[in-house]
Amino acid sequence: MGDWHGPQGPFDIPDVPNFIPRRLKPWLFIFFVLIVQFSGGVYLAAASDMVGTTGLMQQDILMAGYASLVGMAINFAVMFRLKFRFTNRAGLLICGAALIAANVICAHTQSVGVLVVTCFFAGWFRMWATFVCNSTIQLWLTPTRDMAVFFCYVYLVVDGAIQLSGLSTVYTAFFSQWEYMHWIMIGLLALMMLLTMILVRPVRGPIQIPLLGIDWIGSGLWAIFMLCFTFICVYGNYYDWWEAEEIIAATVLGLLCVAINLWRATFLHHPYISFTALTNRNVIRATVIYLVFFTLLATEHVFEHSYAATVLGFDETNLIDLNLYVLVGILAGCAFTYVTFALRHWRYRTMTAIGFALAAIYLAYFYFLIDYGVEKEMLFMPLFFRGAASVIISIVFLTSILQGGMHFFVFPQALTINGFTGAVMGATLGPALIGEFLSHTMAKNASLIGSVFTDLNPAAVHAPLGQIYGMVQVQALVVSMKEIYGWLLIAAIVSLTIILVGYGPVRPSVIFPKWRTIRKLLRRSVKAQIAGQE
């Protein structure tokens, strides 16, 4: 949305013709952003079905899914430039066509490389389309440009769509085939493009800012580093970490890309990610919090599926129904953060303590609850607390980055760092560490439990050897999960204590600059770059 939308009177979107009621115009873009958020390269909820029909490994599907997150993160640094270069109509049509192509490719390819590259670009275009929609209705959501309010909406849509997308994918695969989810999304994206051509006009701002002076080489190098980091975390356990040439090669390549980018940042006037963004105090604080917090919640990716499927015997539909519990937690977390943080301006420290307290409750619930006879309804409370805790921390620390006092040009770079540390590292590093911890703990506990059966008289054991081995593994899994939940609970309590002891008087006060101001800053920057080249 630009300043041509008019500074006075009721909110309006001139891109949409007036035969559409003014009150309905913002909902058109919310409908678009939901379609975009549901679409993607691969749908991780269908990973087990894809493994069975494509010959790909579970790690291959995860790598492709996380590549989409890398594509979304790397786009943050240029999203404002794209906003002032293309109209909303052009952006939605380009992104819709790109996402349709990505869905077609991912529904048919069995090549890991093609799948990962396609998902990376799908994430890039998904972020662009999301920003087109959200920036258009920003003043409708918060006329005062209060970013704490805006981010509550953003995470409500994004995290809510993730849970609903998983539900849709599994039930689509259950009633038909997993490929049908791609065709459903292709149809919805085509509908979005059709509605865009009919209902969205190519309204241009006072001036179109060309895509000059963007460090595309730096963008590519940062993307390669993020993909290498993801590769190491996803495939580390499979390849036995640095015992394998693949992990060593990914490590060397990733470090080389970082070194080149840091060296280029010493002399480039506008590097893709500057030292100012990398060394910002709020960015560093958010990174540390993300690493600790999402490592505590990494059991979501490592334990919950194995526990519910192996120990409790849930099928795919019962497993994905647990997303509803998380979704309720997300809704409650966004509502709570909106009232307390955005409206009443509770302190950052208070909100962080609440987030970690909810994480501790989640871990404590599973530590004391985990057993063989747990009913599905008993999992509501821990999953509810996990969903609420995750969204509270995400909203609070994304807001804190904008309140870091950095120049507006640096803000999109900080968002790229935030996207990588909060989404990519949060989804890969913690599970890799906890997964490795689980493998060692299970080996120890399986050995101890197995020794009990070894000491028994063989005649007293009325079960086949294979069945005994399975019983040992299941018992070792339960004991190991309880042990790790206990250690993580201790870590959560220690982290919460440190947060409570610390003093943090800062309250949220983040006002987004006017689009007219942003346009002037970008235009001056581009003119200065052109003059420097001449």
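Start by selecting Ser274, which lies in the loop between α11 (245–265) and α12 (275–278). This is a predicted model. Is Ser274 buried or exposed? Ser274 is buried, because its relative accessible area is 11% and the cut-off for buried is under 20%. Now show what touches it. Leaving aside neighbours within four places in sequence, Ser274 is in contact with Val410 and Gln413.

**Zoom out**

Show the whole chain as a cartoon. How many helices and strands are there? The protein chain has 20 helices and zero strands. Of its 534 residues, 56% count as buried. Next, think about contacts between residues at least 6 apart in sequence. In the protein chain, 84% of these join residues at least 24 apart.

Select Arg145. This residue sits in the loop between α7 (138–141) and α8 (147–175). Most residues other than glycine have a negative phi. Arg145 counts as buried, at 12% relative accessibility.

Move on to Trp241. Look for Trp241 in the loop between α10 (216–239) and α11. Trp241 is not a glycine, yet it has a positive phi of about 50°. With a relative accessible area of 16%, Trp241 is buried.

**Helix α14**

Select residues 299–311, which form helix α14. What would a straight helix of 13 residues span? At 1.5 Å a residue, it would span 18 Å. Helix α14 spans only 15 Å between its end C-alpha atoms. Now colour the buried residues of α14: Thr299, Val302, Phe303, Glu304, Tyr307, Ala308 and Val311. Step just past the helix. α14 is followed by Gly313, and the phi of Gly313 is positive, near 75°.

**Tyr362 and its contacts**

Jump to Tyr362, in helix α16. Tyr362 is buried, with a relative accessible area of 0%. Which residues does Tyr362 contact, leaving aside its neighbours within four places in sequence? They are Leu297, Thr299, Glu300, Glu304, Pro382, Phe385, Arg386 and Tyr485. Two of these names, Thr299 and Glu304, were in your α14 selection. Tyr362 and Ala389 are 27 residues apart in sequence. In space, they are 9.0 Å apart, C-alpha to C-alpha.

**Aromatic rings**

Show the side chains of Phe, Tyr and Trp. The count comes to 33 aromatic pairs. Take one of them: the rings of Phe341 and Tyr348 have their centres 5.3 Å apart. Why is this pair edge-to-face? The planes are at 70°, so the pair is edge-to-face, because over 60 degrees counts as such.

Now select Tyr365 and Phe385. Their ring centres lie 6.3 Å apart and their planes are at 40°, so this pair is tilted. The pair links distant parts of the chain. Tyr365 is in helix α16 (residues 348–369), while Phe385 is in helix α17 (residues 380–402). They are 20 residues apart. Compare their cover. Tyr365 counts as partly exposed, at 32% relative accessibility, whereas Phe385 counts as buried, at 15%.

Next, select a group. Ring pairs link Tyr290, Phe293, Phe294, Phe356 and Phe397 into a cluster.

**Charges over rings**

Select Arg85 and Phe86. Arg85 lies over the face of Phe86, at 5.1 Å from the ring centre. Then select Lys482 and Tyr367. The charged end of Lys482 sits over the ring of Tyr367, 5.2 Å from its centre.

**Last stop: cysteines**

A disulfide is a covalent bond between the sulfur atoms of two cysteines. How many disulfides does the structure hold? It holds zero. Select Cys95, which is in no disulfide. Its nearest cysteine sulfur is that of Cys133, 8.8 Å away. Cys95 is buried, with a relative accessible area of 0%.

Finish at Cys106, which is in no disulfide. Here the nearest cysteine sulfur is that of Cys119, 4.0 Å away.

Key
Residues are numbered from 1 along each chain as its sequence is written. This is a predicted model: local features need pLDDT of at least 70, side-chain atom pairs count only at pLDDT 80 or more; totals for chains, interfaces and linings use all residues. Side-chain values use heavy atoms; hydrogens and water are left out. Rings of Phe, Tyr and Trp (its six-membered ring) pair if their centres lie within 6.5 Å; planes under 30 degrees apart count as stacked, over 60 as edge-to-face and the rest as tilted. Helices (H or I, at least four residues) and strands (E, at least two) are DSSP runs, numbered from the N terminus. Buried means under 20% relative accessible area, exposed over 50%, partly exposed in between (1.4 Å probe, protein chains only). A charge sits over a ring if NZ of Lys or CZ of Arg is within 6 Å of the ring centre and within 35 degrees of the ring normal. The expected span of a helix is 1.5 Å times one less than its number of residues. Contact means heavy atoms within 4.5 Å. A disulfide is a pair of cysteine sulfur atoms within 2.5 Å.
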